[in-house]
Amino acid sequence: MTNTDTTGTVPYAAEEPARMEWAKHAPEVYKAMVRLDVAARKGLDPKLAELVKIRASQLNHCAFCLDMHSKDALAAGESAERIIQLSAWEESRHFYTEKEIAAIELTEAVTVLTDGFVPDEVYERAAKQFDEAELSQLIAAIAVINAWNRFGVTCRMTPGHYQPGQHH
């Protein structure tokens, strides 16, 4: 299937089909992931949770999750500017609060475990911004989006069709 731009004149590359609709073949796992996702979000600011999901999805190259969480963030009142700047947040720190920066740093450390651990200084900055209950929820939310990203990337879930709030 060839897509076109909003004017209907410029042909885009063909949309890649999903490799597999894993949720249909593992419905109990999907339902458990949804329950885990809901539990992990409890007590977190919805905009912060979406920024975390977007940043992890950028790092994991999960186009489906980027599409979903960018749309959900916009629907939750997040600005397009902050979403766009998120991939270069270190140069755009002034767009984010110290609490958001700590969450973004922790998201990167948990998502990219190339050194095999989360650096103490990253964890300590997050621990100064979040109480233990909220930090526990944040860590859970980061772990859950990373799991979703693995399903999305492996199964090549197709971005572009998600409507805000569709899976909530």
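**Exercise 1. State in which helix histidine 69 is found, and list its contacts beyond the neighbouring sequence.**

*Solution.* Histidine 69 is found in helix H4, where helices (H or I, at least four residues) and strands (E, at least two) are DSSP runs numbered from the N terminus. The model is a predicted one, in which local features need pLDDT of at least 70 and side-chain atom pairs count only at pLDDT 80 or more, while totals for chains, interfaces and linings use all residues. Residues are numbered from 1 along each chain as its sequence is written, and side-chain values use heavy atoms, with hydrogens and water left out.

Step 1. The relative accessible area of histidine 69 is 5%, and the residue is therefore buried; buried means under 20% relative accessible area, exposed over 50%, and partly exposed in between (1.4 Å probe, protein chains only).

Step 2. Contact means heavy atoms within 4.5 Å. With neighbours within four places in sequence left aside, histidine 69 is in contact with Glu50, Lys53, Ile54 and Ile145.

**Exercise 2. Classify the aromatic pairs of tryptophan 22 with tyrosine 30 and with tryptophan 148.**

*Solution.* Step 1. A pair of aromatic rings is described by the distance of the centres and the angle of the planes. Rings of Phe, Tyr and Trp (its six-membered ring) pair if their centres lie within 6.5 Å; planes under 30 degrees apart count as stacked, over 60 as edge-to-face and the rest as tilted.

Step 1. A search of the whole structure finds five aromatic pairs. In one of them, the ring centres of tryptophan 22 and tyrosine 30 are 5.8 Å apart and the planes stand at 65°, so the pair is edge-to-face. Tryptophan 22 is buried, at 6% relative accessible area, whereas tyrosine 30 is partly exposed, at 26%.

Step 2. For tryptophan 22 and tryptophan 148, the centres are 6.2 Å apart and the planes lie at 55°, so this pair is tilted. The pair links distant parts of the chain, 126 residues apart: tryptophan 22 is in helix H1 (residues 22-25) and tryptophan 148 in helix H8 (residues 132-154). Both tryptophan 22 and tryptophan 148 are buried.

Step 3. Trp22, Tyr30, Trp148 and Phe151 form one aromatic cluster.

**Exercise 3. Describe how helix H6 packs with H8, from the axes to the residues in contact.**

*Solution.* Step 1. The axes of helix H6 (residues 98-111) and H8 come within 10 Å and cross at roughly 45°. Axes are lines fitted to C-alpha atoms, for helices over the stretch in contact, and angles run from 0 to 180 degrees between N-to-C directions.

Step 1. H6 and H8 are therefore oblique to each other; angles under 35 degrees count as roughly parallel, over 145 as roughly antiparallel, 65 to 115 as roughly perpendicular and the rest as oblique.

Step 2. On the H6 side, Lys99, Ala103, Leu106, Thr107, Val110 and Thr111 meet Glu134, Leu135, Leu138, Ile139, Ile142, Asn146 and Arg150 of H8. The residues of this contact of H6 with H8 comprise seven nonpolar, three polar and three charged; Ala, Val, Leu, Ile, Met, Phe, Trp, Tyr, Cys and Pro count as nonpolar, Asp, Glu, Lys and Arg as charged, and the others, Gly among them, as polar.

**Exercise 4. Locate histidine 61 and arginine 156, and give the phi of each.**

*Solution.* Step 1. Most residues other than glycine have a negative phi. Histidine 61 is not a glycine, yet has a positive phi of about 60°; arginine 156, also not a glycine, has a positive phi of about 50°.

Step 1. Histidine 61 lies in the loop between helix H3 (46-60) and helix H4 (63-75), and arginine 156 lies in the segment after H8.

Step 2. Histidine 61 counts as exposed, at 66% relative accessibility, whereas arginine 156 is partly exposed, at 33%.
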